[in-house]
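Please keep the sequence and the structure in view while reading.

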Amino acid sequence: MEKKLSANAMLYSIGFVFMLACSVGAFFYGIEVGVDKTESRYEAEKASASAKATVSPYQQQDLVSFYHTVFLPYREFQSEWFDAVDKLTQGESIDAASAFKELSSLAKNKAGEASSFNMQNSPLLGEAQVSYIRSLKLFADAASKAAASAKSAKGEELLQLIAKEKNYATAVAQSLAAQQAYYDAMLKWSSSVNVDIPSEYKLSARLDLAKWETLPITVKNKLMADQLQSRKQITAFYPHDLTSRVDEFIISGQAAKMKLGTVSGIVALLLDTDAVRSGDFAGSQAKLYKKTLLPQLPFFSMNAD
């Protein structure tokens, strides 16, 4: 005879099945919620990382901070160095030993000033900072040796000894490398502001004038820094002063008249004839560069030296 389930057993079975169904449902719901939370967290982290990636390490403020804390100390020393060298070149009567001893001390002090602010968050600016500091320290050594040499060598002879001194040559190389990195950082900044401006542009010996005239000002300036570095030529003027002289030379028709078809050819002529001065850019700015994209740095001002 078939046994029949009691009422209690039936209720127990139904309850068990119901609880099992609820447990399974809760399990899968928990998985879905967990997946949703994980995906949300991943998307948030990805968005945050993307936002950080789009922030350029070369902001306007970075360029300005570098100018005041690193570039100006170096520039102040460089001006005093050029002043002493110019006096020797022109045969002026100066106490060379004393002058170079003071320059050695000044270079050491300016190296300390240039080290006071950390620019390492912006790779090119960090690179330029290190190079300027090295340059100043090497100039300090070169000036110290020049002070010793000045006791027996005078005028042109002393200048020749300085030019042959290893520390001086390396100081110049470090200065030009720093300058190049600074102008490269300005190019990176302009590229982050205007996507039509390339973030990189390599120096070409055969850069023709038609192509040059289409380039943004920050590209031109970077190329002029490259030109000065390739020639191992330290100057009192800025790369952008050289830019303006090249542009004026082309616009005036002189390049066509002299049949100069490359930028390098014009640069060589301008440098060989000592035709570039500090302040040339400021003199041409209102006419040639009034609406160009440039970082707001003092040496781009029309009142700059």
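The buried residues of helix α8 are I217, T218, V219, K220, N221, K222, L223, M224, A225, D226, Q227 and L228, where buried means under 20% relative accessible area, exposed over 50% and partly exposed in between, with a 1.4 Å probe and protein chains only. Because 12 of the 14 residues of α8 are buried, the helix is largely enclosed by the rest of the structure. Its cover includes α6 (166-193), α7 (209-212), α9, α11 (263-272) and α12 (280-288). Helices (H or I, at least four residues) and strands (E, at least two) are DSSP runs, numbered from the N terminus.

Helix α8 spans residues 217-230 and reaches 20 Å from its first C-alpha to its last, close to the 20 Å expected at 1.5 Å a residue; the expected span is 1.5 Å times one less than the number of residues. Just after α8, K232 adopts a positive phi of about 55°.

This is a predicted model, in which local features need pLDDT of at least 70 and side-chain atom pairs count only at pLDDT 80 or more, while totals for chains, interfaces and linings use all residues. Residues are numbered from 1 along each chain as its sequence is written, and side-chain values use heavy atoms, with hydrogens and water left out.

D247 lies in helix α9 and is buried, with a relative accessible area of 7%. Its side chain makes a polar contact of 3.1 Å with the side chain of K220. A polar contact is a pair of N or O atoms within 3.5 Å; within protein, one must be able to donate a hydrogen and the other to accept it, and residues adjacent in sequence count only if both atoms are side-chain atoms. Not counting residues up to four places away in sequence, D247 touches W212, K220, L288 and Y289, a contact being heavy atoms within 4.5 Å.

V263, in helix α11, counts as buried at 2% relative accessibility. Apart from residues up to four places away, V263 touches L207, D208, L209, W212, M224 and V246.

V246 also belongs to the largest nonpolar core, which has 82 residues; W81, F100, F139, Y182, L242, V246 and F299 touch the most other members. Such a core is a set of buried Ala, Val, Leu, Ile, Met, Phe, Trp, Tyr and Cys residues joined through side-chain atoms within 4.5 Å. Among the contacts of Y182 are L63, F66, L125 and F299.

A polar side chain is enclosed elsewhere. Q129, found in helix α4 (residues 123-149), counts as buried at 5% relative accessibility. The side chains of Q129 and Q120 are joined by a polar contact of 3.2 Å, and a polar atom of the Q129 side chain lies 3.3 Å from the backbone nitrogen of M119.

Taken as a whole, the protein has 12 helices and zero strands. Buried residues make up 41% of its 305 residues. The average pLDDT, the predictor's confidence in each residue from 0 to 100, is 87.
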